[in-house]
Amino acid sequence: TTRAEIISRALHEGGVVQGMNAQGLADLGVRELDDLQREARQLGASGVLPIRVHKETEWTAPVVRHLTSAERDTIKTRLQAQGGDLLLLCAGPTETVLPVLGRLRTLCAGLIQRQSPLSQRYNFLWIVDFPLFEKEGKGILQRLRSCHHPFTAPCPEDEPLLKSDPLRVRGQHYDLVC
């Protein structure tokens, strides 16, 4: 399976491709990248696709040769990629991809802190568009549960999906992370 097939399969099966920018970690060692891969797999993902951004137009990763220029531009814009950054892409079901990227964000923050412990910065980020529901359990015991708490209202434009496709409904809640 090539790395591009992982993306194609995830999208074909109704999944998503999401990513994060680990700013300044393009020179991360192989051992640390392997640790990130291992963590992603333990959380249920098939892995992550790391892309090292050396310069604006110089990206190194096996998956890069499979990306069109439009896809690269989209990734660059959405993740605000700059030279020195490490982009981490994850493909699969939303309920797997988002927790994986959340955990990798925390691990990467620790790696950045270790690289330059004296340069503490506070970077606040609003997390929005959380799903209202997530799956819980397996097989015939599978059911939906609230992602945040049961008193969160759905986004008004998603209300028609409550009966037909409740996993696509977003809630009116947010988190602020630093």
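User: In which strand is the place of L176?

Analyst: The model is a predicted one. Strand β8 covers residues 175-177.

User: Is L176 buried, partly exposed or exposed?

Analyst: Buried requires under 20% relative accessible area and exposed requires over 50%. The relative accessible area of L176 is 46%, so L176 is partly exposed.

User: Where is Y174 found, and is Y174 buried or exposed?

Analyst: Y174 is found in the loop between α5 and β8. Its relative accessible area is 54%. The cut-off for exposed is over 50%, so Y174 is exposed.

User: How many Å apart in space are Y174 and G84, C-alpha to C-alpha?

Analyst: Leaving aside neighbours within four places in sequence, Y174 is in contact with W126, I127, V128, F130 and H148. G84 is 90 residues from Y174 in sequence, and the C-alpha to C-alpha distance between Y174 and G84 is 30 Å.

User: Are α2 and α4 roughly parallel or roughly antiparallel to each other?

Analyst: Helix α2 spans residues 30-42 and helix α4 spans residues 94-115. Their axes come within 10 Å and cross at roughly 155°. Angles over 145 degrees count as roughly antiparallel, so α2 and α4 are roughly antiparallel.

User: What is the handedness of the crossing, and how many nonpolar, polar and charged residues does the contact of α2 with α4 have?

Analyst: The crossing of α2 and α4 is right-handed. On the α2 side the contact is made by E32, L36, E39 and A40, and on the α4 side by V100, R103, L104, L107, C108 and L111. By class, this contact has 7 nonpolar, no polar and 3 charged residues.

User: With which side chain does the side chain of E39 make a polar contact?

Analyst: E39 lies in helix α2 and, at 18% relative accessibility, counts as buried. Beyond four places in sequence, E39 is in contact with R103, L104 and L107. The polar contact of the E39 side chain, at 3.1 Å, is with the side chain of R103.

User: Which backbone oxygen does the side chain of Q37 reach?

Analyst: Q37 is also found in helix α2. Its relative accessibility is 11%, so Q37 counts as buried. At 2.6 Å, the side chain of Q37 reaches the backbone oxygen of V48.

User: Is D158 buried or exposed?

Analyst: D158 lies in the loop between β7 (143-146) and α5 (161-164). Its relative accessible area is 7%. Under 20% counts as buried, so D158 is buried.

User: What is the length of the polar contact that joins the side chains of D158 and R170?

Analyst: Not counting residues up to four places away in sequence, D158 touches R168, V169 and R170. D158 and R170 are 12 residues apart along the chain, with their C-alpha atoms separated by 6.7 Å. The polar contact joining the side chains of D158 and R170 is 2.9 Å.

Technical notes
Residues are numbered from 1 along each chain as its sequence is written. This is a predicted model: local features need pLDDT of at least 70, side-chain atom pairs count only at pLDDT 80 or more; totals for chains, interfaces and linings use all residues. Side-chain values use heavy atoms; hydrogens and water are left out. Axes are lines fitted to C-alpha atoms, for helices over the stretch in contact, and angles run from 0 to 180 degrees between N-to-C directions. Helices (H or I, at least four residues) and strands (E, at least two) are DSSP runs, numbered from the N terminus. Angles under 35 degrees count as roughly parallel, over 145 as roughly antiparallel, 65 to 115 as roughly perpendicular and the rest as oblique. A crossing is left-handed if the near helix is turned anticlockwise from the far one by less than a right angle, and right-handed if clockwise. Contact means heavy atoms within 4.5 Å. Ala, Val, Leu, Ile, Met, Phe, Trp, Tyr, Cys and Pro count as nonpolar, Asp, Glu, Lys and Arg as charged, and the others, Gly among them, as polar. Buried means under 20% relative accessible area, exposed over 50%, partly exposed in between (1.4 Å probe, protein chains only). A polar contact is a pair of N or O atoms within 3.5 Å; within protein, one must be able to donate a hydrogen and the other to accept it, and residues adjacent in sequence count only if both atoms are side-chain atoms.
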